[in-house]
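Here is a short briefing on one protein model. Look over the sequence and the structure first, then read on.

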Amino acid sequence: MRSLTLAEARERAALIAVTSYAVELDLDQGDRVFGSVSSITFTCSSPGADSWVDVKARSVHEVTLNGRRLDPGDIRDGRLTLRGLAADNRLVVRATMAYSHDGQGLHRATDPADRRDYVYGHLFLDAAPTVFACFDQPDLKAPHDIGVRAPQDWVVLGNGAARQVAPGQWRLATTKPLATYFVTVCAGPYVSVRDEHDGIPLGIHARASLREPLERHSGELFTVTRQCFDYFHDLFGIRYPFGEYHQVFVPEFNAGAMENPGCVTLRDQYLFRGAATRDELLGRANTVSHEMSHMWFGDLVTMKWWDDLWLNESFAEYMSHRCLVDATEYTDAWVDSSIVRKVWGYGAERSPSTHPVAGVEALDAQSALQNFDGISYAKGAAVLRQLISFVGDDAFLAGVRAYLTDKSYANGMLADFLGAIERASGRDLGPWSDAWLLSAGRDTISVDVAVHGGTVEAARLLRVRPTTHLADRPHALDVAAWTDGAEVSRLAVTATGDLTPLPDLAGKAVPAVLVPNSADLTWARVRLDRSTLDALPTQLARVPDAQARAVVWSALIDGVHVAEVSPVTFLDVFEATWTSESNASILARMALYAEHRIVPHFVPRAAQPAAAGRLARSARQLLDRADEGTSRSLAAARLLAGTSDDEALLRSWADGSGLPHGLEDDGDFRWIVVRNLAARGLIDAAAVDSYRAKDDTLQGGLNALMCRAALPRPDVKAWAWDQLTGRHGRSNYEMIHLARGLWMSPDDALVADYVERFFTDVPAMSAWVGEDALSRVVLAAFPKVFTSQTDALSSRALRRRDLTPAVRRSLVDADAELREALASRAAFASDFRASA
Ligand SMILES: [Zn+2]
């Protein structure tokens, strides 16, 4: 399907202004299709001109323009030409549309727990015309008036307050002007908890089978929601403009959540069924805050075109963390950002697909999806923190308020935003913006220390700019040092050149641990000096500053990825310090990273069992030591369940005996155990089915699929491959779970057949899988056989010209990770021979 280009969008916006949409959806036509009638009133600035409307229907029954019948057969590539427009127009399109199963458009899922169906609209990017005929571009905003017919036992929610006017007949209140990609309808036998805050009706909603966790988590969710509303009202000086505020937890959601005005959709894994660690609650609170900040930045003021998507996301990423720190109990949100979000962003920056934060051409809507990554979110937020230290917080906020006020219910661009900050601060942001927003890449920073007899003679901060992206980035940052847990120096500096003296350190005893960017204010690769690296196993746990510890871990990860730090060093630091870690985000994230990235990617196959054994040993120690039911205990139990080779322990946990306190009836925990048993071939398909029967839920079904695909048998791998890549109507989530399970294998030989097949079979899935979903499937299904043969096949695939943009982008990123793994394995092979 053709994607809207920037040139086309400009041309259409010059011609057309939409006055209103009225949409009638009939969701009571079975589980495959729904009825859609769109009535659009719009003006044309040049009467007599032609334009087009976007409609991507199963079948279009009738189209009338100003009372004149148009031929639905004239629809090409999802567009219907409208000839000879009048100054004022009314277009009516009656169509039958198809439900989706890939999380894009109007997604329909069946809950295996009770066989009931749920529908939600995710119209992001360019899916709106698969639900109703529209002028689908972000700068043609209009009020929407929506009616829905649904089965009588369903609840309907949407952007406007929903009212049942007759059994099965619902009307949503007319919205404020919205971009088409923000329109949503959620319908099904959803269950709800409602409340109110500061005059704003609040609702949270989920599938009926999730009633218990919905109610259990509702107090925390409403608390965070209230805190965020108060904070943003105060910060932006503009009241929340969209009426009611609903948060709907929906199944099989591709992203974390979506900021539909008045009706945010969130992935329903956020309603943790079992025990949740503090970092998981923090992550969810961050998503709640992120989506709410979009109500102002994104929804009230929308980017004019997709090339300013970063402005939405960088801003929301920054604001959500700021709000958590200032207004909620999650005052360590920036630590979480360092270890979760920035680690993700630095990975994006290492890939050849990296790009400047802003100013990246998005020639069409689909290619904009490529920039929806760790650069737009994590780097963008870090850059905004640099902007604030450059202009000052007061000027920044004054500029933000002016921008939001000036562009309310309209659209803005980078130049508008920067102009507002420049006017508020009186600073010229040209050079700053060139360096930080319009240039890709990151500097490497380190501290160079001249030592004499155990004393620092001189110290300086080194900034090395990447040769491919030679921008002159000024860095506002901290350098701090510790010895035996005592802070011996902390210096705030603005590094405007390649060498910045650090006079504070001179004359002091050489510190044990020196951390550049210790407060994690800037965006750079931190290279730790040799003596700090050597000291980490004994010193890191004694550094009392969690923020600095997160920076150290992030630097270690980066070092492993660029083959400067041995994975053995990483594992040494892990084994020596992880059990003492007190920050829940660092604890959980480093366990996941060690188990799922460091060991499988960077440790040679033959050494992986021993490396996993080291992780299991740490996990056992912490589980024995941690207070029961705490985040520490949970993180330890999960790591042990995933890495242990103790068959007796795993079997007893899988069958519900001897479980750590708090995990007695935790279906998600049991699946970690079952996955480990399955991947080791210690259970068979019948046993997986028996665990599935104990957890007959959406989440249980997905986990069972993954565990089944993980069984180390050739016939199972063949089945999994066929289920993944064949047209079996598998949902986005099912495909990803199949892919994950398939590559779990005790050796490369068992899955070798699928390495070459990946490069033909998976790109071909673009014929039936949406781009957003497929980009995630490609990453999960990319061969986990780290050899030069895979590398050669990958390079060859990247030379193909027939890949869709999302497939190509994910291949580039997965290929970059493969090369990192191969480079590290080549550089540090002897470390493993030595330890074997
Ligand atoms: Zn966002």
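Contact here means heavy atoms within 4.5 Å. By that cut-off, T277 touches S631, L634, A635 and R638, leaving aside residues up to four places away in sequence. This is a predicted model: local features need pLDDT of at least 70, side-chain atom pairs count only at pLDDT 80 or more, and totals for chains, interfaces and linings use all residues. Residues are numbered from 1 along each chain as its sequence is written, and side-chain values use heavy atoms, with hydrogens and water left out.

**Zinc site**
- Three protein donors hold positions 2.0 to 2.1 Å from the zinc ion: H290 (NE2), H294 (NE2) and E313 (OE).
- Donors are N, O and S atoms within 2.8 Å of the metal (3.2 Å for Na, K and Ca); water is not among the atoms, so sites may look incomplete.
- Along the chain, the donors follow the spacing H-x3-H-x18-E.
- H294 sits in helix α3 (residues 278–296) and E313 in helix α4 (residues 309–327), so this pair, 19 residues apart, links distant parts of the chain.
- Helices (H or I, at least four residues) and strands (E, at least two) are DSSP runs, numbered from the N terminus.
- Both H294 and E313 are buried.
- Buried means under 20% relative accessible area, exposed over 50%, and partly exposed in between (1.4 Å probe, protein chains only).

**Helix α4**
- Of the 19 residues of α4, 16 are buried, and the helix is mostly covered.
- The end C-alpha atoms of α4 are 26 Å apart, which agrees with the 27 Å that its 19 residues should span at 1.5 Å a residue.
- That expected span is 1.5 Å times one less than the number of residues.

**T277**
- T277 lies in the loop between β19 (263–267) and α3.
- Its relative accessible area is 2%, so T277 is buried.
- The T277 side chain makes a polar contact with the side chain of D279 (2.8 Å).
- A polar contact is a pair of N or O atoms within 3.5 Å; within protein, one must be able to donate a hydrogen and the other to accept it, and residues adjacent in sequence count only if both atoms are side-chain atoms.

**Strand β2 and its partners**
- Strand β2 (residues 33–44) is largely enclosed by the rest of the structure, because 9 of its 12 residues are buried.
- β2 pairs with β1 (residues 16–26) in the antiparallel sense over 10 bridges.
- Two strands pair if DSSP finds at least two bridges between them.
- β2 also runs antiparallel to β7 (residues 88–98), joined by 11 bridges.
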